[in-house]
Amino acid sequence: MPARTPLDANAILAATEEILRRHGPDKATVVDVARALGVSHAAVYKHFPSKQTLREAVTRRWLDRNRDALAVIAADSAVAPARRLRTWLHAVLAVKQAKIRQDPELFAAYGILAAAHSSVATDHVADLLGQLTAIIADGAADGSLRTDDAAATARVVFNATAKFHHLAHSAEWQNPGVGAELDEVCSLLLEGLHAPASP
């Protein structure tokens, strides 16, 4: 059967996403992907040498779709760092809520990679920490947030808000009051980070 689309990495990743949505991460196979593309599984393996590398690539692409929107919030110097920090944390929660609601199978695939300590999960967390560090560094620079080490403070904030972004808490993200809970945690964190005005 001839391939219906030119066989490149993007076509394979798009087909893999659809197969994962249809069958879930436990049942989706490279043979399913190849069949959907009208090629042999050997043709898929020429682009991705294993099922693991294919799953990592498709999950990375799926995670990266919201990266730019979050990065825009983190870099928006027109918004005060304290407000930007709160907005960014709420945006991260909103992204996670949408992903688990709209793409539960791909979210499950991400969970499998995270449990296996895949570089995809590690890189995703590192990217989020980088954005958070930039916000806190801006606050330190303008004197509105108190910290001697923006990266260390970002890690503390990230860990303190784990309930709102860590996979272990995903069942709680759809609770009606979860946004209000995050807001309370943000207020407490920002109170601790607030740099008092000079006398």
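Residues are numbered from 1 along each chain as its sequence is written, and side-chain values use heavy atoms, with hydrogens and water left out. Because the model is predicted, local features need pLDDT of at least 70 and side-chain atom pairs count only at pLDDT 80 or more, while totals for chains, interfaces and linings use all residues.

**View 1. The largest cavity has a volume of about 130 Å³.** A cavity is a set of points, on a 1 Å grid over the protein atoms alone, where a 1.4 Å probe fits but cannot get out, and lining residues have an atom within 4 Å of a point. Grid points are joined across faces, edges and corners, and a volume is the space filled by probe spheres set on the points. There are two cavities of 30 Å³ or more. Here 14 residues form the lining, and Leu63, Leu70, Val95, Lys99 and His124 lie nearest the centre. Helices H4 (51-64), H5 (67-75), H6 (81-102), H7 (104-115) and H8 (119-142) each give two or more residues to this lining; helices are DSSP runs (H or I, at least four residues), numbered from the N terminus. H6 gives the most, with four residues.

**View 2. The second largest cavity has a volume of about 90 Å³.** Look for Thr16, Ile19 and Leu20, which are among its lining residues, as are Lys51, Leu54 and Arg55. Helix H1 (9-23), helix H2 (30-37) and H4 each supply at least two residues of this lining.

**View 3. Helices H8 and H9 (residues 150-160) pack at an angle of about 120°.** Their axes are 8 Å apart; axes are lines fitted to C-alpha atoms, for helices over the stretch in contact, and angles run from 0 to 180 degrees between N-to-C directions. Leu128, Leu129 and Leu132 are among the H8 residues that meet H9, whose own contacting residues include Ala154, Val157 and Phe158. Contact means heavy atoms within 4.5 Å.

**View 4. Glu17 and Arg21 join their side chains in a salt bridge.** The N to O distance is 2.9 Å. A salt bridge is a side-chain nitrogen of Lys or Arg within 4 Å of a carboxyl oxygen of Asp or Glu, and the count comes to 13 salt bridges. Both Glu17 and Arg21 lie in helix H1, four residues apart, about one turn of the helix. Side chains of opposite charge can pair when their charged atoms come close.

Definitions and conventions. 1 Å grid on protein atoms, 1.4 Å probe; cavity = no way out; pocket = protein on both sides within 12 Å on 5 of 7 lines; lining within 4 Å.
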